[in-house]
Amino acid sequence: MIDVLKKDLEEKYKDRPDRLKHIYGVVKKAKELGSKLNLDLNKLEIAALMHDFTKYDDLEDQKSYLNAEEIELYKNEVVVYHALSAATYLKNTYKINDSDILDAIRFHVFGSPKMNQYAKVVLIADKIEETRTYPTVNYLRELADISIDKAILAYLEVTKQRLLDKQLPIHPLMNETIKMLGE
């Protein structure tokens, strides 16, 4: 299955080599972190490979994979649509029904209070893989080696502050995730 996913991914992103490099960076980092937690590395690889599969699809195409509740819940954060649509695409197209894989894809943007270890690993791997270069990334990489929860919390707190500085709304699920991780 992984070979099929790689082939389809490489075909889809043949004109976006930077995104493909990012995706393979997420795979590498997710497997590295997941091995320390004794997680199923095949599950992590599938989730990491597919986490951005619909990222550049037309917004209407992304929404076609979502139900009305999902569209409404994230109408002010449409960036989440690609995560939800990628999970549904994987489920529908490849008949993968594993909730660890699907939730890891769904929750990779800013998490969820419902995250398990697979979702946490893919989320933080997406933010700290080797092609990322933003100011706090090295700190988050170091923190992730100590505690994935603390690394995610630090990432979300910085993200929340950036949104507040821009006077943009904070999604309630982001706040709930921050609260859950801070307890």
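# Exercises on a predicted helical model

Glutamate 10 has its place in helix H1, which covers residues 2-12. The structure you are looking at is a predicted model, and the exercises below walk through parts of it.

## Exercise 1: Glutamate 10

Task: Find out whether glutamate 10 is buried, exposed or partly exposed, and which residues are in contact with it beyond its neighbours within four places in sequence.

Solution: 
- Start with the surface. Glutamate 10 has a relative accessible area of 38%.
- Compare this with the cut-offs: buried is under 20%, exposed is over 50%, and partly exposed is in between. Glutamate 10 is therefore partly exposed.
- Next, look for partners. With neighbours within four places set aside, glutamate 10 is in contact with Leu20 and Tyr24.
- Proline 169 is 159 residues away along the chain, and its C-alpha atom is 35 Å from that of glutamate 10.

## Exercise 2: Two residues with a positive phi

Task: Work out where asparagine 38 lies and where lysine 95 has its place, and say what phi each one has.

Solution: 
- Asparagine 38 is not a glycine, yet its phi is positive, at about 60 degrees. It lies in the loop between helix H2 (17-36) and helix H3 (41-50).
- With a relative accessible area of 72%, asparagine 38 is exposed.
- Lysine 95 is not a glycine either, and its phi is also positive, at about 60 degrees. Its place is in the loop between helix H6 (81-94) and H7.
- Lysine 95 is exposed, with a relative accessible area of 60%.

## Exercise 3: Aspartate 52

Solution: 
- Locate it first: aspartate 52 is in the loop between H3 and helix H4 (59-63).
- Valine 109 is 57 residues from aspartate 52 in sequence, while their C-alpha atoms are 10.0 Å apart in space.

## Exercise 4: Leucine 140 and tyrosine 134

Task: Which residues are in contact with leucine 140, and which with tyrosine 134, leaving aside neighbours within four places in sequence?

Solution: 
- Leucine 140 belongs to helix H9 (residues 137-146). It is buried, with a relative accessible area of 2%.
- Its contacts are Ile128, Tyr134, Ala151, Ala154 and Tyr155.
- Tyrosine 134 lies in the loop between H8 and H9. At 25% relative accessible area, tyrosine 134 is partly exposed.
- Its contacts are Lys127, Ile128, Leu140 and Tyr155.

## Exercise 5: How helices pack

Task: Describe how H8 packs with H10 and how H7 crosses H8.

Solution: 
- Two packed helices are described by the angle between their axes and the distance between the axes.
- For H8 and H10, the angle is about 55 degrees and the axes are 10 Å apart. This makes H8 oblique to H10.
- The crossing of H8 and H10 is left-handed.
- On the H8 side, the residues that meet H10 are Gln117, Lys120, Val121, Leu123, Ile124 and Lys127; on the H10 side are Ile148, Asp149, Ala151, Ile152 and Tyr155.
- For H7 (residues 99-106) and H8, the axes come within 8 Å and cross at roughly 35 degrees. Here the crossing is right-handed.
- Asp100, Asp103 and Ala104 of H7 meet Tyr118, Ala119 and Val122 of H8.

## Exercise 6: The two faces of H11

Task: Which residues of H11 are buried, and why do they fall on one side?

Solution: 
- In helix H11 (residues 172-182), the buried residues are Leu173, Met174, Thr177, Ile178 and Leu181.
- These residues are on the same side of H11 because they cover an arc of only 140 degrees around the axis.
- The face turned away from that buried side carries the exposed residues Pro172, Lys179 and Gly182.
- The cover over the buried residues includes helix H5 (68-73), helix H8 (117-128) and helix H10 (148-165).

Technical notes: Residues are numbered from 1 along each chain as its sequence is written. This is a predicted model: local features need pLDDT of at least 70, side-chain atom pairs count only at pLDDT 80 or more; totals for chains, interfaces and linings use all residues. Side-chain values use heavy atoms; hydrogens and water are left out. Buried means under 20% relative accessible area, exposed over 50%, partly exposed in between (1.4 Å probe, protein chains only). Helices (H or I, at least four residues) and strands (E, at least two) are DSSP runs, numbered from the N terminus. The arc is that of the directions from the helix axis to the C-beta atoms. Contact means heavy atoms within 4.5 Å. Axes are lines fitted to C-alpha atoms, for helices over the stretch in contact, and angles run from 0 to 180 degrees between N-to-C directions. Angles under 35 degrees count as roughly parallel, over 145 as roughly antiparallel, 65 to 115 as roughly perpendicular and the rest as oblique. A crossing is left-handed if the near helix is turned anticlockwise from the far one by less than a right angle, and right-handed if clockwise.
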